[in-house]
Amino acid sequence: MPNAAPSSPPAGGLSDGKALTDTRGRSVSYLRLSVTDRCNLRCLYCDSRMRQWLSHDEVLRYEEFLDIMGLGVKLGIGKVRLTGGEPFARRGFMEFVEAARARFPQIDLRLTTNATLLAPFAPRLAAAGVARINISLDTLNPATFARVTGQDQYHEVRRGIDACLAAGLRVKLNAVAMRGVNDGELAGFLGLARDLPIDVRFIEYMPMGGSEWKPEQVWRATDILSEAKALAELVPLERVSGGPDDSGPAQMYAIKGGAGRFGLITPLSNHFCGTCNRLRITSGGVLRTCLFSDRVYRLRGALRHPKLGLPAVERILRLASKVKPLGFELLAARRAGQGVCGTAMSAIGG
Ligand code: SAM
């Protein structure tokens, strides 16, 4: 596996493995790992355009990510999502996925990708037992795709989707809902979810650092839903929490006569902070406990320190989890500002 340099010290000294909890009664069971800050697209809402990439040494090695996953398992993490930047843009990513599956078969391992580089890997992902892939696709129009992402790669993404379906992978398609960009495409997306066994989910455009976010670009979920109901017969589905059919924060709808489903993710209009169970660790080894908070906890130094290692990382994870904030409060407090989080999503991983 490329980049698999010696790992951090062994997990000796770890405590009893009690789950990570906070003072509001939430417990953490879901870890999002961003394996690279680099991306081959330059999406206008994500902004990986003006960033300085981390240097090779600053990025966690795959072995270090595996150590963190092992620690997570001990602390009650049951679900891990690998994201980026673009995860497939990092060399050796497929081998890392296979190593992670082999070492932690008990983890519900998922991926988020822009799918531009995905197609050749779909059979290997299926063989490795990665059953579910989230694909980001904001438009079904190749010209709009080029405008949003800065790259003319729409057809590569469609090939990636087709390859996943052919390999038997379950596909969730996430579109950032943007007025003036894709608000004329609801019929097309509903048609896709009608024809193919895909969950198509619109997520409200969040005011993240570095994005070109403006309030008038937010296409609210309530508006999307009423427009969608005029186009298709939608039946609301019970929220599923945990397990392979976990709907996460999405409200899902069956489409009458459709192979797939339709969903809405509402970080702005109907937050889900009360049930948030996530931690995020970036490729540089920075822990974030809330998407809307700029408070960070640096793990890399501790992880690599010969006398600290994983026990120190565990202590940081526990302390940080305890004071995990409620993102909607931060959002409300900074609503007047242009961005609520100073960091671009490309560096956090979504
Ligand atoms: N490159 C991968 C991809 O495209 O899926 C993973 C990283 S990307 C940062 C993860 C997700 O964050 C994508 O689904 C993207 O659409 C979403 N995202 C980025 N910026 C956003 C924003 N300002 N509001 C809502 N979603 C955003």
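**Questions on the model**

Reply: L231 is found in the loop between α7 (221–229) and β9 (234–236); helices (H or I, at least four residues) and strands (E, at least two) are DSSP runs, numbered from the N terminus. This is a predicted model, in which local features need pLDDT of at least 70 and side-chain atom pairs count only at pLDDT 80 or more, while totals for chains, interfaces and linings use all residues. Residues are numbered from 1 along each chain as its sequence is written, and side-chain values use heavy atoms, with hydrogens and water left out.

Me: Is L231 buried or exposed, or in between?
Reply: Buried means under 20% relative accessible area, exposed over 50%, and partly exposed in between (1.4 Å probe, protein chains only). L231 is classed as partly exposed because its relative accessible area is 43%.

Me: Which residues does L231 touch, not counting residues up to four places away in sequence?
Reply: Contact means heavy atoms within 4.5 Å. With residues up to four places away in sequence left out, L231 touches L186, A187, L190 and R194.

Me: Which sense, parallel or antiparallel, do the pairings of β7 with β6 and with β8 have?
Reply: Two strands pair if DSSP finds at least two bridges between them. Strand β6 (residues 132–136) is joined to β7 over 5 bridges in the parallel sense, with I133 having V171 as its bridge partner.

Me: Which hand does the crossover from β7 to β8 have?
Reply: The chain passes from β7 through helix α6 (residues 186–195) to β8. A crossover is right-handed if, with the strands pointing away from the viewer, the path from the first strand over the helix to the second runs clockwise. This β-α-β crossover is right-handed.

Me: In the hairpin of β10 and β11, which residue of the turn has a positive phi?
Reply: Strand β10 (residues 251–255) pairs with β11 in the antiparallel sense over 4 bridges, and A254 stands opposite R261. The hairpin has 5 residues between its strands. The turn residue with a positive phi, of about 75 degrees, is G257.

Me: How many Å separate a polar backbone atom of G85 from a nitrogen atom of the ligand?
Reply: G85 is among the closest of the 18 residues that surround the ligand, where a residue counts as near if one of its heavy atoms lies within 4 Å. A polar contact is a pair of N or O atoms within 3.5 Å; within protein, one must be able to donate a hydrogen and the other to accept it, and residues adjacent in sequence count only if both atoms are side-chain atoms. For G85 and the ligand nitrogen the distance is 2.8 Å.
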